[in-house]
Amino acid sequence: MKKRNNYFSFRTPVLSIVEVCFGISFLVFATLFSSCNNDDDNGSTDPISQLPPATQTGEGTFGCLVNGEPFVDNSSFFNCFYQLVDGEYYFGLTAQINGDNYVQIDIGSLKSEIQINTSLELKEREDGNFYAWLSFDCICPQGKTNSNLPGNLTITKLDESNNIISGAFEFTVINPNTGDIYEITEGRFDTQFTQ
């Protein structure tokens, strides 16, 4: 008698544990990589990518790195003014973050007119100077720029008709109470100001 082929019978393959684990791992990684989005940087650990972009449209942004850690005032409510008082110009910008640690950054000038796209030295808070302060746990400044350790401020846009000011800054200060050094880098702001 002739042996018949049974097209409906089949042999069940037996998979090893290694093959099963490999298959599951492959599916998990394939799912993860296919769901990645290159333009999604919300979870980025790169500190610079956590700062607001350097814009010039009055967006109400302020950000910098303080010793490499992001400092961002997203409130759009920080104080900024550029005013002509008795024939002299005064500039002030104050940003802060509240949370476990209160930190405030002040940048300003006394009797000094802003020049666009020029590196302005941040020194002591005196007539004719631009200056910067860094404060912790209170509104009293603890780290201040000075002539021995000046910082830099560059105003990239000053639109007095629309009250928009944008700029970049960096400075280093020393806390006189602790001796700790604070490096403020990659600073940028873009906001509206009062006159």
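How exposed is Lys-111, in terms of relative accessible area? Lys-111 is partly exposed, at a relative accessible area of 36%, where buried means under 20%, exposed over 50% and partly exposed in between (1.4 Å probe, protein chains only). The structure described here is a predicted model, in which local features need pLDDT of at least 70 and side-chain atom pairs count only at pLDDT 80 or more, while totals for chains, interfaces and linings use all residues. Residues are numbered from 1 along each chain as its sequence is written, and side-chain values use heavy atoms, with hydrogens and water left out.

The overall architecture comes first. The protein holds one helix and eleven strands; here helices (H or I, at least four residues) and strands (E, at least two) are DSSP runs, numbered from the N terminus. Read from the N terminus on, the elements run α-β-β-β-β-β-β-β-β-β-β-β. Of the 195 residues, 34% count as buried. The accessible surface comes to about 12700 Å², and 51% of this surface belongs to carbon and sulfur atoms (areas come from the Shrake-Rupley method with a 1.4 Å probe; for residues, only the protein chains shown count as cover). Among contacts (heavy atoms within 4.5 Å) between residues at least 6 apart in sequence, 49% join residues at least 24 apart.

Phe-62 is found in strand β1 (residues 61–66) and counts as buried, at 1% relative accessibility. Leaving aside residues up to four places away in sequence, the residues touched by Phe-62 include Pro-52, Val-72, Asp-73, Phe-78, Ala-95 and Arg-188. Leu-93 is another of these contacts; the C-alpha atoms of Phe-62 and Leu-93 are separated by 9.7 Å, and the two residues lie 31 apart along the chain.

Seven aromatic pairs are found in the whole structure, with rings of Phe, Tyr and Trp (its six-membered ring) pairing if their centres lie within 6.5 Å; planes under 30 degrees apart count as stacked, over 60 as edge-to-face and the rest as tilted. Ring pairs link Phe-62 with Phe-71, Phe-169, Phe-171 and Phe-189 into a cluster. Elsewhere, Lys-144 lies over the face of Trp-133, at 5.7 Å from the ring centre (the criterion is NZ of Lys or CZ of Arg within 6 Å of the ring centre and within 35 degrees of the ring normal).

Charged side chains bring the account back to Lys-111. The structure holds three salt bridges, each a side-chain nitrogen of Lys or Arg within 4 Å of a carboxyl oxygen of Asp or Glu. Lys-111 meets Asp-127 in one of them (3.4 Å, N to O). Asp-127 lies in the loop between β6 (119–123) and β7 (130–136), and Lys-111 in the loop between β5 (103–109) and β6, so the pair ties together parts that are 16 residues apart in sequence. Lys-123 and Glu-121 also meet in a salt bridge (3.9 Å, N to O); Lys-123 is partly exposed at 24% relative accessibility, and Glu-121 is partly exposed at 41%. Arg-188 forms a salt bridge with Glu-186, the closest N and O atoms being 3.5 Å apart. Here Arg-188 counts as buried, at 14% relative accessibility, whereas Glu-186 is partly exposed, at 36%.
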